[in-house]
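Here are some exercises to work through with the model on your screen. Try each task yourself before you read its solution.

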Amino acid sequence: MLVPERGGAVVPVTVVLCVNGERHEFEIDPLERLADVLRDRIGLVGTKVGCGEGACGACAVLLDGRAVASCLLAVGSAAGHRIETIEGLSRDGLTPLQEAFIAADALQCGFCTPGQIVAATGLLRAEPAPTRAAVRQAMSGNICRCGCYPKIEQAILSCSGGDG
Amino acid sequence: MSTTRTRTPLVRGRVGELMPRRDAEPKVTGAFAYSSDLEAEGMLFAVTVRSPHPHARIAAIDTAAAVATAGVHAVLTHADVPGRKTVGMHRADQPVLVVDVVRYQGEPVVIVAADDLETARRAAVLVVVTYEVLEPVADPERGEVLRDVRIRHGDQSLGADVVVSGSYEVGMQDQAFLGPESGLAIPDGDGGVDLHVATQWLHLDQEQICAALDLPPAKVRVHLAGVGGAFGGREDVSMQIHACLLALRTGRPVKMVYTREESFFGHVHRHPAWMRYEHGATPEGDLVYVRAEILLDGGAYASSSPAVVSNAACFAAGPYRVQRATIDARVVMTNNPPCGAMRGFGAVQVAVAHEAQMDLLAAALGIDPVDLRVRNALKTGDRMITGQVIDGPAPVRELLEGLRAMPLPLERGSLRADLRELPGGVANTTHGEGVRRGVGYAIGFKNMGFAEGFDDYSTARVRVSLVNGEPLVEVHTAACEVGQGLVTVLEQIARTELGFEHVVVLPADTTVGSAGSSSASRQTWMTGGAVKAACEAVRERLHELAADRSVEETVEHHHRPTFPLDPETGQGDAQVALCFAAHRAVCDVDTDLGLVRVVEIATTQDVGRIMNPAQCEGQIQGGIAQGLGLALMEEIKTENGLVRNPNFTDYLIPTILDMPPVRLAISETPHPDAPYGLNGVGEPPTIASTPAIAAALRAATGRPVTRVPVRPDDLI
Ligand code: FES
Ligand code: FES
């Protein structure tokens, strides 16, 4: 993150966010990262920050149903959109995809896991029966440093209505 | 009331059974609290001012403007470190905060705590450090030798008819754990502190914090927070002492979270290596001698370099019988980034060389590379080049033959293959023309645990009590779950030994004895062994269990002693146990552009005993992913001591698209010294996967491929 020039003043504006169906209103620097607002102001720390520059996918959230990197999104530009975080996806108990991740043991340290689940949820909503190639393509923005890829692929495919 | 209970033999979740990892559910819902997720009432946020220069003398540090900033609570320098000014794993040579001379880029100089992160960052910018910039020592050939390991094994005059030689290089790899260094220090109001942190070895952190803060262990309690991966990079301290220092100074909880860029400067990396090898063999293909000169760049501080260079020397010849070995391995200190532990430390680097040499030798002899390896395979009863007789399992031949028997992936069909199946992928660089396939084999080995006489142990406290008439087993250790699945395996062990369904593994902290490090493939063996022994001790006393009386035992588990290497000859029984894995890589290479696609990795690994099948597979697949990264893309680039790519945009890590299917055959040859016969699992997959890929690329292109990560230019 950039440190503003000495004495550089920030002008807060009112930003209204819709996160997991709830309304949140802030007086805030509109350029603050959505990831920080979710984590530090709303307390939704299930969204992780791994790189802060859009290169790892740990911070993925759904914006109007599509997975985006919340570390790259200025909070001002998220206003008026429907934001879903891992907490929102988990509100009514485990989803079949989360069950599948557990069953396939598709995680180790788990730091990438919320982002993986969010991205895969976005994929399965848009394309309920993705092929193996489509799963790999869609998940290529989510790094798993523990290297759980074969099991992540298996977990997602087990939720796909397709033939893989 | 005293009862004797019959233990139900059918409780589920015992050793060897499929059991979902205990922390899986909170991890998939986002509820699992990592070290970066913690908060406490009234906490401050802290940042680090780091040196932009790799080598400099500090003339002055002016903190006045930072101190005067509203919302800033502390701005500390080395002068504020009350105890020892330097710490370190093997030797205390690394300043907590730079005292006078900066020795690597990014070294911490000043720490700042403020009401919020933004204020802390702004104040950090106001700290003025005056540097007298010095010329960095960036060339390892000019580095000061930190440790030199000589091995002189067998008749040193032995020569051979067939001789091959080569020079090899391994780049500097980063652990790149996804959860950056972070933690929360909370002062107890009585001069002590509780630190919640992601680490690999709680007691080693505690020891170093105590030394720097001049506090007794009882005043510094270290608790494991959720760990976002480790791979060796969390063995040395990063922000631990800084956060405690600030918390004690301000009387407020202090949270510190590194950015990704800082993380590249915040931990040690895998040592880059330069290796010159010569192998001699009989015309029939029996290895006669191996000569090797190995140079590792340890960077600015010692860290675990002494152990890494020892491994590089001891495993330099690979898992082969050889009559004579002449190994000179040294690790030097420079002004490059400090290097230390990373998964497979020392063994990873030399495997790139010894396996390339075996292929060269096979070609010179006109023998199949796998046949040559099988012919020279170490087995139980053989001597390693350190003179140590292997008395545990050494299934080298079995692993190689098992691997060779595994089916190969299908040939690429027509020229009209799916782009995504080709090198270059959707970049549409080829439709199959110019693409050649290569197959390469490699095998590697490494020790489980620490070597050379280190008295390695772990401690477990197991307590059984009755809760509403039902037995509850509580397992308490200081062993760090870093993603390897330890908490689940410990639970399985307690259930197996005591037969009770309800087992809780308590959070790891320093209120129980040390468990040693979650590294060196040792934790399941060591802490698993401690938990097993503590359960056995509890079992003997279960007749005492009553509603108002629990049974508790604390046991230390030591492995058998090891011994130092002779300083002149490098001979000695330095290792506890050995673990082995073999890999076969199938790669497609676009020979016009030098682009690679790994089609499949097949592997055979002997794990002694499968404790948890899914986790065991996960360790193997994950280790292969990191081995693939080292083979093809992962490298910290330095230029005169400056890191050029401290971010995930320029430091490339394999994604799901890079990861090929893994064909896996796990064998179980029980290790007689280990609990349940298990063996280390975590490191072997990262050892031979890299050289197997390099071998496949040589086979596909006919190019020598002597350096990893391989660059496109090396392939065309
Ligand atoms: S933290 Fe946003 S992509 Fe890595
Ligand atoms: S499980 Fe550790 S990064 Fe994916």
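**Exercise 1. Find the residue that stands opposite Ala60(B), and describe the sheet around it.**

Step 1: Ala60(B) faces Thr130(B), a residue of S8(B). This is a predicted model, in which local features need pLDDT of at least 70, side-chain atom pairs count only at pLDDT 80 or more, and totals for chains, interfaces and linings use all residues. Residues are numbered from 1 along each chain as its sequence is written, while chains are lettered from A and ligands numbered from 1 in the order in which they are written.

Step 2: Strand S2 (residues 56-62) of chain B is joined to S8(B) by six bridges, and the two run antiparallel. Strands are DSSP runs of E with at least two residues, helices are runs of H or I with at least four, and both are numbered from the N terminus. Two strands pair if DSSP finds at least two bridges between them.

Step 3: In chain B, the order S6-S2-S8 makes an open sheet of three strands with antiparallel pairing. Its edge strands, S6 (101-102) and S8 (128-133) of chain B, each pair on one side only.

**Exercise 2. Describe how H13 (residues 613-632) and H14 (residues 684-701) of chain B pack.**

Step 1: Their axes are 7 Å apart, at an angle of about 45°. Axes are lines fitted to C-alpha atoms, for helices over the stretch in contact, and angles run from 0 to 180 degrees between N-to-C directions.

Step 2: That angle makes H13(B) oblique to H14(B); angles under 35 degrees count as roughly parallel, over 145 as roughly antiparallel, 65 to 115 as roughly perpendicular and the rest as oblique.

Step 3: Residues of H13(B), including Gly623(B) and Gly627(B), meet residues of H14(B), among them Ser689(B) and Ile693(B). Contact requires C-beta atoms, placed from the backbone, to lie within 7 Å.

**Exercise 3. How many residues of chain B touch chain A?**

Step 1: Contacts link 48 residues of chain B with 40 residues of chain A.

Step 2: H13(B) gives the most to this side of chain B, with eight residues.

Note on methods:
Contact = placed C-beta atoms within 7 Å.
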